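Subject: the structure we talked about

Hi,

Here is the structure I promised to pass on. Have a look at it first, and then read my notes below.

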Amino acid sequence: MVQSECRLLRGLLGFICLLPVCMSTAPDLCKSLKTVRDNLNLSLRRRFMKMNFPINYTIQVHYEEVFRLRDIRRLNMSNEEEPMQHRDLQDLWLWVSQQGIKRVLRVLPERHPTRSKYLSKLEKLFNKFEELYYNQNPKDEERVLPERIHNIWDRLTGRDYKRWKSVAPKSILDNCYRTMLCLFKECFSKEDDYDYCEVLNRRKGKKTT
């Protein structure tokens with residue numbers, strides 16, 4: 001009797017230990033994000049974000065609205081006094097990605113094929129992912145953000161901020177795609193053997209999308 005109770009207790013403890021791992025996989029969240037990824041594939045980015053625009057066409061965006069792999073690396077640099085949470089970078093990625101889509105939509109005529117056949121759908125997919133994301137990861141209004149993240153949010157949301165740069169529409173989604181596979185790699189690790197978080201790998205001649 002005592003042995004059976006011990007086995008039951010060990011089994012219960014094992015289940016409790018595995019529970020956070022099971023919860024962290026977030027199958028619904030990953031499923032939604034994979035749909036976003038499928039619509040960010042290289043073929044669609046080239047067709048709708050490059051071929052449908054004039055050669056060398058650019059739009060004006062805020063400097064921080066181009067969120068690159070090297071920005072993740074820079075923000076992740078150790079700071080014991082203000083530790084960076086992975087969630088901070090994911091929040092930033094989601095906001096910047098949505099802003100990038102809106103920037104392009106603002107310059108497109110209503111009947112432009114990129115608007116009607118691509119970006120409007122992509123915007124809806126991001127909105128759906130955002131809803132799932134914040135349902136699973138409610139915002140902690142009491143948390144004090146690291147200063148370097150807080151400063152970025154202030155600049156991005158400030159009305160008087162005038163630091164602009166010219167970028168190609170495709171570049172916005174290129175960076176969105178690469179940083180997504182880095183920041184949410186637990187959703188893609190079994191399907192993509194390239195680690196986008198390892199920026200130095202990009203210098204070894206391996207082609208990325």
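Accessible areas here come from the Shrake-Rupley method with a 1.4 Å probe, and for residues only the protein chains shown count as cover. On that basis the protein chain has an accessible surface of about 13,500 Å², and 52% of it belongs to carbon and sulfur atoms.

Some ground rules before the rest. This is a predicted model, where local features need pLDDT of at least 70 and side-chain atom pairs count only at pLDDT 80 or more, while totals for chains, interfaces and linings use all residues. Residues are numbered from 1 along each chain as its sequence is written, and side-chain values use heavy atoms, with hydrogens and water left out.

**The overall layout**

You'll find 8 helices and 2 strands in the protein chain; these are DSSP runs numbered from the N terminus (helices are H or I with at least four residues, strands are E with at least two). Along the sequence the pattern reads α-α-α-β-α-α-α-α-β-α. Of the 209 residues, 41% count as buried, meaning under 20% relative accessible area with a 1.4 Å probe, protein chains only (exposed is over 50%, partly exposed in between). Contact means heavy atoms within 4.5 Å. Among contacts with a separation of 6 or more, 83% are between residues 24 or more positions apart.

**The core**

A nonpolar core is a set of buried Ala, Val, Leu, Ile, Met, Phe, Trp, Tyr and Cys residues joined through side-chain atoms within 4.5 Å. The largest one has 51 residues, and Trp93, Leu119 and Met180 touch the most other members. Elements giving this core two or more residues are helix H2 (27-38), helix H3 (42-51), S1, H4, H5, H6, helix H7 (147-157) and H8. Beyond residues up to four places away in sequence, Trp93 touches Leu33, Phe67, Phe126, Phe129, Cys176, Thr179, Met180, Leu183 and Phe184.

Leu92 sits in helix H5 (residues 86-107). Is Leu92 buried or exposed? Leu92 counts as buried because its relative accessibility is 2%. Leu92 and Ile152 are 60 residues apart in sequence, yet their C-alpha atoms are 8.9 Å apart in space.

**A buried glutamate**

Find Glu65 in the loop between strand S1 (59-62) and helix H4 (69-75). Glu65 has 4% relative accessibility, so it counts as buried. Past its neighbours within four places in sequence, Glu65 is in contact with Trp95, Val96, Gln99, Arg103 and Leu156.

**The cavities**

On a 1 Å grid over the protein atoms alone, a cavity is a set of points where a 1.4 Å probe fits but cannot get out, and lining residues have an atom within 4 Å of a point. Points are joined across faces, edges and corners, and a volume is the space filled by probe spheres set on them.

How many cavities of 30 Å³ or more does a search of the whole structure find? There are 2. The largest has a volume of about 70 Å³, and its lining includes Glu65, Phe67 and Trp93. H8 gives the largest share of that lining, 5 residues. The second largest cavity holds about 40 Å³ and is lined by Gln98, Ile101, Lys102, Glu123, Phe126 and Asn127.

Cheers

Terms used
On a 1 Å grid over the protein atoms alone, a cavity is a set of points where a 1.4 Å probe fits but cannot get out, and a pocket is an open set with protein on both sides within 12 Å along at least five of seven lines; lining residues have an atom within 4 Å of a point.
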